[in-house]
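Student: Please show me the sequence and the structure, and then we can go through the fold by question and answer.

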Amino acid sequence: KRERKRPVRVYMDGCFDLMHYGHANALRQAKMLGDQLVVGVVSDEEIVANKGPPVLSMEERLTLVSGLKWVDEVIPNAPYEITEEFMNTLFNKYSIDYIIHGDDPCLLPDGTDAYALAKKVGRYKQIKRTEGVSSTDIVGRILLTFKQKDAVAVDEVGVKPTDELKSQLSHFLPTSRRIMQFSNGQILRSARQLGDFLLVGIHDDQSIRDRRGYRPIMHLHERTLSVLACRYVDEVIIGAPWEVSKDMITTFNISLVVHGTVTEGNSAGEIDPYAVPKSMGIFKTVTSPKSITSVSVATRIVDNHEAY
Ligand code: CTP
């Protein structure tokens, strides 16, 4: 009788700070190199020691990673370097077959390769790094948007996180607050639990700009990739209209429209985008499980600006 083959288990580690579609694409490719993907999320201390402080905490980064559809298991507080000891733990305790990383060099402070040992024993595989996005780049986009808008006191050297700036931030960020809700996946999980199929409508850049006066930090296609990477999402409408219309409800066979409690709040005079589903009795507000918003994240970025 033929033995059932043991599943191939692969390991990918990383900081996964400000989770973006580059990370999602890396995990997707890693998963394709095996049957089960185990993800090591590097501890705050190790990130501080190797590349400077992360914006998001261990717990927040863990939540984000766990919400991605390619991730089977997570190991919290993973080390930055694949040491001999940790490599043996991966092989023996976690039955890992291969250790995976993007094709960008990952160096320790002393200039040596963090994956040297795994490469030496032939248990290393590589995936293609996604161009055009990184955690550093996202921090840059946020800071740049402040500068361009010229609404806040930003100088070339650094940003002073005054109370005034923080209140400006709360006006600025509602568009990207949406991204955080999506990328943290928690609200999407709550929504998915209310039905069997979760369809997510993603607004296009222009309608966000028209409504809020600011460009979103992530473009429509970037936001779409992030939402699609979430394990609770079944389908997306790319460039969904601002208002949920009767026609849309019929076309997509929608039985419930859900919105979170952490929201940008309608500006005066604006039409309620959910008027139709409300009148039909198919609208529900769900409590956003996390208090984290893009405002709080951006405030952290501004607070720590000198560190980046
Ligand atoms: N990664 C990728 N494409 C990107 C960014 C990251 O493929 N645009 C991969 C990395 O190669 C790594 C994994 O995602 O295998 C986790 O990356 P992380 O430790 O977060 O590192 P960085 O490369 O520093 O990513 P970022 O600059 O966005 O923080």
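Student: How much of the chain over residues 11-140 is helix and how much is strand?

Tutor: This is a predicted model, in which local features need pLDDT of at least 70 and side-chain atom pairs count only at pLDDT 80 or more, while totals for chains, interfaces and linings use all residues. Residues are numbered from 1 along each chain as its sequence is written. Helices (H or I, at least four residues) and strands (E, at least two) are DSSP runs, numbered from the N terminus. Over residues 11-140, with end C-alpha atoms 30 Å apart, the chain is 38% helix and 20% strand.

Student: In what order do the five strands of the open sheet stand?

Tutor: Two strands pair if DSSP finds at least two bridges between them. E1 and strand E2 (residues 36-42), for instance, pair in the parallel sense over six bridges, and Val10 stands opposite Leu37 in E2. The pairing in the sheet is parallel, and the order is E3-E2-E1-E4-E5.

Student: Which strands stand at the edges of the sheet?

Tutor: An edge strand here has a single partner strand, so one side of it is left without a neighbour in the sheet. That applies to strand E3 (73-78) and strand E5 (124-127).

Student: Which element gives the most residues to the shell around the ligand?

Tutor: The shell has 17 residues, the closest being Gly14, Gly22, Gly102, Ser134 and Ser135. Two or more residues come from each of strand E1 (9-14), helix H1 (21-32), strand E4 (98-102) and helix H6 (135-149). With three residues, the element that gives the most is H1.

Student: Is Pro54 buried or exposed?

Tutor: Pro54 lies in the loop between helix H2 (44-51) and helix H3 (58-66). A residue is buried if 20 or more other C-beta atoms lie within 10 Å of its own, exposed if 12 or fewer, and partly exposed in between, with C-beta atoms placed from the backbone. Pro54 has 23 C-beta neighbours inside 10 Å, so Pro54 counts as buried.

Student: Which residues is Pro54 in contact with, leaving aside its neighbours within four places in sequence?

Tutor: Two residues are in contact if their C-beta atoms, placed from the backbone, lie within 7 Å. With the neighbours within four places set aside, the contacts of Pro54 are Cys15, Asp17, Asp44 and Ile47.

Technical notes:
A residue is near a molecule or strand if its C-beta atom, placed from the backbone, lies within 6 Å of it.
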